[in-house]
Each structure stands twice: as C-alpha cells, then as structure tokens.
Amino acid sequence: MPITGIYGPDDFAGRPQGQTPTLPRTAPARTEAALPMPSLEWTDEVEHATAPLYERVKHVIPPIEWPLMAPTIKAINELKQARGAVILAHNYQAPEIFHCVADIGGDSLQLAVEATKVKAGIIVQCGVHFMAETSKLLNPDKTVLIPDSRAGCSLAASITGADVRLLRERFPGVPVVAYVNTSAEVKAEVDICCTSSNAVQVVESLNAPTVIFLPDRYLATYVASKTDVKIIAWKGACEVHERFKGEELRALREADPSVQIIAHPECPPDVLAEADFTGSTAHMINWVREKRPRRLVMITECSMADNVRAELPDVEMLRPCNLCPHMKRITLSNILESLLTLGEEVTIDPALAERARRSVERMINLKN
Ligand code: 13P
Ligand code: SF4
C-alpha cells in the first residue's frame, strides 16, 4: 500500500529554525603515536609483492595506473599488521580499496555484524561517517578511525534527534524505525534500526499496525509496498539514488530487451518499477553471482559495478550509475595517513552511545 503520511522539518511549527544534525565528532590525531611515512616508490620489490593483488583488479584498473597505487597499497597492508588494525570497507569503496586493502567488505548490515566480531584493537572504516559511528557503537572499547570525517550522507543529514522527538509527540505510541543511515543522535531516539537488507522484516517484527520509518522516503515507499503495516515516512532522500529516472531505464531496455536491470531500494518508485530485482548492495551482488547475466545495469553507486566486474569480468556492465561524493572522500592516501597518525578517531558521548547501541543491537539480534 502507499505510505500513510510524510513529514519533514517544515511540518513542525515549533521546530527551531536552521536546526541541523550534530556534526560528526572525531578526536584530533594523536601526534605522539605517529609513525614515519614509508617510501612510496614503485620498485621491483613493490611490483612483485603486489602482483597477486593486481590480479584481483586487472579488469577494472588499467596497468598504467597500478604503479601509482601499488606502493601505497603495500604500505597500508604492512601498517595494518604493525598497528593490529582491521579495515572494513563498504561495497561502494573503489576497487583498489575494496579488493586490495580491505579485510572485510560488505553492505551496511554485514559491516555492522562483522564489527561485533572484530578482535583487532583498531578498526579503520572505509565508508561514510554513520558506518564508522555504528562500528564505534558496537565496539566502544576499540579505536575506530575514519580516514576523512567529512564523508557524510544526505540521508543522515536530513534529520535530527529533536525531529524524532517531534514525530513521537505527533504520533504518540507509534514505534519508530531508523535506517542505519542516520547519526548516533537519531539512533538514540528510536526503537530499532534497520538496513536495506532487513527493513521489511524489522518493520513487521514490531507487531504494530503503524510504524514511523525514517529518514528515506523512497525506502519507506518500498517497504510500504511489501507489507500491510501502515508507514509514516520522513522527507529524506539519498542524493545518489534519487537522481535515477525510470525513463532512462525504459530507453535502455528498448535498445536491448535482454538487458537485466537491478536497483537499490533508495531509488524512486518509477525506477524500481523498471527493475528485474531490487535489493541491498549485498543482495544485488549475490543476485549477479547467482544469475550471471550477460548484460547488466546496476542502478546504484558506480564503484559497486567496478567491484562486481573485477570479480565477474564476463558480466558486461552498462551505465548509468552515479558516484557518491561522500564515499569517494576515502582514498588510499588518507587510509595510509589514518594508519600512520591514528586519526580521525570517532567519538560518541557514552550516555548517547548507550541508547543508540540498543537500537542497533535490537536489529542485529532479530532472528532471521
Ligand atoms: P546498503 O545497506 O545496501 O549497503 O546501502 C547503504 C547505502 O548507503 C546505500 O546508499
Ligand atoms: Fe548516503 Fe546515498 Fe551516499 Fe549511500 S549513496 S552513503 S545513502 S548519500
């Protein structure tokens, strides 16, 4: 069924003007802990040591670019050992990060779950800030680093903790589900979190006739189409996925009726109507591994198509895709810098973290 209602900052007369989400908190780099910069020269030794890694990405990184990346990749992998660190990377990270330095890759749910199993004392989160915050929530005693804390998210930026309190006042007793693409401050105000992998399951787990689902209006619309629970949504959107248009997909299909189209549920409904499959980034990747389509359009972030093509070169990827500018703030250079200086360290107020953690753990503890 369609969503029951949709609200945004302009729908609350008493909302303070100009209220914006709290900026991510990070501690300054600990200069006393800094290690010296290693040599980043392209040598025979570097070429030999990184040859197995180049095999993984040779279909998506031209040979001429590898000498520019390989010395930094080698230095990062050595520093990870020296620091006792683990690198978590979202599926939207560039192939040289995802395939060559990450220890664990995946979608938001997989990264949140893997974060609970990490033994290393230091986590370097290659993804956006809300992902690093989630890792910190689940690993309060570990050092969680994000190579660039400006890596935000238009969804996380669309809503504040105070907005959630206003929604609760307007709809007393209605449970609130927050997509993990939110700040810890918002997670602290809600009943449970979800990701795009488990959103319908989480909504139905509440056994309520109506649920407030925030902040993504399009994911809310998708969830509403899959359940009888009434959904009240928030006017947030992903700046990357909202730009796709159903008509461009229709044109692609007219040009080649055999093309397969798969899309992320953060896309608008006219886009999802054209898709052969809709799912989280991990579900999309599994779909491609299983179906092995000849020609494929992945309606999501561009690096994910590159990461899949690195693994499955026989699948021909057609555009369009869109780049997430926030994800692209993470680079080999700032990952190296992060490991050298132990910056930027994600911090969350302990009392707020306690409440936010509960919402994430409730999601993780849901039985499949
Ligand atoms: P996934 O949970 O599907 O990995 O999506 C996260 C995200 O930010 C998509 O834009
Ligand atoms: Fe946020 Fe969209 Fe970027 Fe995902 S792709 S991190 S939802 S802005």
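This is a predicted model: local features need pLDDT of at least 70, side-chain atom pairs count only at pLDDT 80 or more; totals for chains, interfaces and linings use all residues.
Trainee: Why is N181 called buried?

Mentor: The term applies when 20 or more other C-beta atoms lie within 10 Å of a residue's own. N181 has 28 other C-beta atoms within 10 Å, and therefore counts as buried. N181 is found in the loop between β7 (176-179) and α7 (184-187). Leaving aside residues up to four places away in sequence, N181 touches F130, C153, L155, A156 and D216.

Trainee: What makes S196 buried?

Mentor: The threshold is again 20 or more other C-beta atoms within 10 Å. For S196 the number is 26, so S196 is classed as buried. S196 lies in the loop between β8 (192-194) and α8 (199-205). With residues up to four places away in sequence excluded, the contacts of S196 are L219, H264, P265, E266 and S280.

Trainee: Which residues does UniProt place under the feature "binding site"?

Mentor: The unreviewed UniProt entry gives H90, S108, Y179, V180, N181, S196, H264, P265, E266 and T281. The residues around ligand 1 are N91, D107, S108, N181, T195, S196, C238, H264, E266, S280 and T281.

Trainee: What is the division by class around ligand 2?

Mentor: That shell divides into 7 nonpolar, 3 polar and 3 charged residues. Of the 13 residues around ligand 2, V128, C153, C238, V240 and C324 come nearest.

Trainee: How do you know that β11 and β13 pair?

Mentor: Pairing requires at least two bridges between the strands. β11 (residues 260-263) and β13 (residues 295-299) run parallel and are joined by 4 bridges. Within this pairing, I261 has V297 of β13 as its bridge partner. The open sheet has 4 strands in the order β12-β11-β13-β14, with parallel pairing.

Trainee: Why do β12 and β14 stand at the edges?

Mentor: β12 (277-278) and β14 (316-318) each have a single partner strand, so one side of each is left without a neighbour in the sheet.

Trainee: What separates the centres of domain 1 and domain 3, and how many residues are in contact?

Mentor: Over C-alpha atoms, the centres are 27 Å apart. In contact are 11 residues of domain 1 and 13 residues of domain 3. The side of domain 1 that touches domain 3 comprises 5 nonpolar, 4 polar and 2 charged residues.

Technical notes
Residues are numbered from 1 along each chain as its sequence is written. Chains are lettered from A and ligands numbered from 1 in the order in which they are written. A residue is near a molecule or strand if its C-beta atom, placed from the backbone, lies within 6 Å of it. Ala, Val, Leu, Ile, Met, Phe, Trp, Tyr, Cys and Pro count as nonpolar, Asp, Glu, Lys and Arg as charged, and the others, Gly among them, as polar. UniProt positions are given in the numbering used here, feature names are shortened, and annotations may be inferred rather than shown by experiment. Helices (H or I, at least four residues) and strands (E, at least two) are DSSP runs, numbered from the N terminus. A residue is buried if 20 or more other C-beta atoms lie within 10 Å of its own, exposed if 12 or fewer, and partly exposed in between; C-beta atoms are placed from the backbone. Two residues are in contact if their C-beta atoms, placed from the backbone, lie within 7 Å. Domain bounds come from an automatic or database domain assignment.
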